[in-house]
Every structure is written in C-alpha cells, then in structure tokens.
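This report describes the secondary-structure arrangement of one protein chain and the surroundings of selected residues. The sequence and the model are shown first.

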Amino acid sequence: MKGKTKILVIDDDRHIAELISLYLNKEGYDTKEVYSGGKAVSEFSFYSPSLVLLDLMLPEMDGYEVCREIRKISSVPIIMLTAKGETFDKVLGLELGADDYMVKPFDPKELIARIKAVLRRYEKRDTERAKQIVYPNLTINQSTHIVTYHGNPIELPPKEFELLYFLALHPNQVFTREQLLDKIWDYEYMGDTRTVDVHIKRLREKMPNEDNWSIKTIWGVGYKFDPGTNS
C-alpha cells in the first residue's frame, strides 16, 4: 500500500487552511498546514508534497518569494490562492512558476477539480520525461531497468535501482531516510532506516568515479541527488 498524495497548504489564515485541509482529507489526500512564508520552504523540504497550495499574502516571506524558493529545488506543482484578482498578480505568479491561480473566495469543488487536473498533467509529464534520466556519464532507463555508467551497463538490484532512479528524478531535493523508506520500500514498511544507508553505500561503491553529479549526505536529515553545477 502506497502513501496518500501529500498536499502542503500554506496560508496565514488558520481557519481557511484548516477548512481546505478538511475538504482535501475527505477526498483522500494527506495534508500539512503552514501559516507563514518563513517556515514554508523548510516544511516543504521535510514534508515532500506532491502539490502546494500557496497563499500570496503571508508573514515573513510573501507567496511570490516562497514560489521562487521552491522552484530553486523542485518542479512540484503549485496552485496560488489569494484575494487578489488583478491580471498583474496572476501573470507574476505564473511567471514565477505557479501552475494555476485561484481567487478567494472559491468553491471547494472547483479547487478539488483543479488539483486533480494539475496532478494529472504532472503525472503525464513525469511519465514521459522519466523513461530515461541522463546526466554526464550516467543514464538511468526506467523502462529497461538498465543503468549505464561511464559507457558500461551496471547491474543493480531492484531497490538500489529504484532508490537511484527516485533521487535522480528529483535533483537537489532533500529526502529524509523515513521519506525514502516510504517511497521505495512502501508506506507500511517497518524496516530500520539504516536500510537506506546500506543501499546508498552500495550505490556509491558501484559508481566510484568523481563525477560532476553525486548522491550527497545531508547530515542530520537524509540524502539528495546533486546534479552538479555543469549539468
């Protein structure tokens, strides 16, 4: 059994955030609420959502800046929520990388419909893009489960392949060991988080050259795939 689709709700109005979460939970989504722009980016990295609902008017850091920061580390879909309805605000939000824009007050049914539509678009795009991931001296073919490293195919057990593929598919995004257990070993896996460390160690041993890209340890947090400055 895989985990529920996660949605990060960022809104300084706790009542609105809780109401949105209530509707989303009824639709089967898992949600986390954040009430300030200052906490939004760090919570995004730890929670690793599939979609972000982002209010524009936030304390500490506004929604535009939060959108900019998220886009530096992830292409996860973002739907902006705001009381502002002027064309300028919509255009700026979309130019910064938002995928959709809804003006408050909105019909919860319309919000759910837009979330589903955006997620469908991203799933289709990721499916098409992810058939083969290419970095310098590294090709990961999802269809054939073949990894080519410095021109030579290397054999990886299924979980090692899935771990490498997942990290490479989300460059620069930090995942905790618990999140990787959830994603790779499935939601109800009760194993030790050291399982992740062992698989990372094996991957590094099989790809020992000093390449531009690397699987980096983020001490106290987990791991990320660093594509390198020239990728």
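In this predicted model, strands β10 and β12 are paired in the antiparallel sense through two bridges. Within that pairing, T176 lies opposite G222 of β12. The two strands belong to an open sheet of three strands, ordered β10-β12-β11, whose pairing is antiparallel. The edges are taken by β10 (175-176) and β11 (214-218); each has a single partner strand, so one side of each is left without a neighbour in the sheet. Helix α6 packs on this sheet and touches β10, β11 and β12. The direction of α6 makes about 65° with that of β12.

Strand β12 (residues 222-226) also contains D226. Is D226 buried or exposed? Its relative accessibility is 15%, and because buried means under 20%, D226 counts as buried. The D226 side chain reaches the backbone nitrogen of G228 at 2.9 Å. When neighbours within four places in sequence are set aside, D226 is in contact with N172, N212, W213, S214 and K216.

Helix α6 covers residues 158-169, which makes twelve residues. The distance from its first C-alpha to its last is 16 Å, close to the 16 Å expected at 1.5 Å a residue. How much of α6 is buried? Nine of its twelve residues are, so the helix is largely enclosed by the rest of the structure. The buried positions are E160, F161, L163, L164, Y165, F166, L167, A168 and L169.

The strands concerned are part of an open sheet of four, in the order β6-β7-β8-β9, with antiparallel pairing. Strands β6 (132-135) and β9 (152-154) are at the edges, each pairing on one side only. On average, neighbouring strands of this sheet are turned by 20° against each other, direction ignored. Four bridges connect β6 with strand β7 (residues 138-141) in the antiparallel sense, and V134 stands opposite T139 in β7.

Strand β3 (residues 51-55) is mostly covered, with five of its five residues buried. In a regular strand, side chains alternate between the two faces of the sheet. In β3, L51, L53 and D55 point one way, whereas V52 and L54 point the other way, and all are buried.

On one hand, β3 pairs in the parallel sense with strand β1 (residues 6-10) over four bridges, and L8 stands opposite V52 in β3. On the other, β3 is joined by four bridges to strand β4 (residues 78-82), and these two strands run parallel. Here D55 faces L81 in β4. The chain passes from β3 through helix α3 (residues 63-73) to β4, and this β-α-β crossover is right-handed.

| Strand pair | Sense | Bridges |
|---|---|---|
| β10 and β12 | antiparallel | two bridges |
| β6 and β7 | antiparallel | four bridges |
| β1 and β3 | parallel | four bridges |
| β3 and β4 | parallel | four bridges |

**Surroundings of D55**

D55, a residue of strand β3, has a relative accessibility of 3% and therefore counts as buried. Apart from its neighbours within four places in sequence, D55 is in contact with I10, D11, D12, G63, L81, T82 and K104.

**The chain as a whole**

The chain comprises eight helices and twelve strands. Of its 231 residues, 45% are buried. Among the contacts between residues at least 6 apart in sequence, 56% join residues at least 24 apart.

How values were computed
Residues are numbered from 1 along each chain as its sequence is written. This is a predicted model: local features need pLDDT of at least 70, side-chain atom pairs count only at pLDDT 80 or more; totals for chains, interfaces and linings use all residues. Side-chain values use heavy atoms; hydrogens and water are left out. Buried means under 20% relative accessible area, exposed over 50%, partly exposed in between (1.4 Å probe, protein chains only). A polar contact is a pair of N or O atoms within 3.5 Å; within protein, one must be able to donate a hydrogen and the other to accept it, and residues adjacent in sequence count only if both atoms are side-chain atoms. Contact means heavy atoms within 4.5 Å. The expected span of a helix is 1.5 Å times one less than its number of residues. Two strands pair if DSSP finds at least two bridges between them. Axes are lines fitted to C-alpha atoms, for helices over the stretch in contact, and angles run from 0 to 180 degrees between N-to-C directions. A crossover is right-handed if, with the strands pointing away from the viewer, the path from the first strand over the helix to the second runs clockwise.
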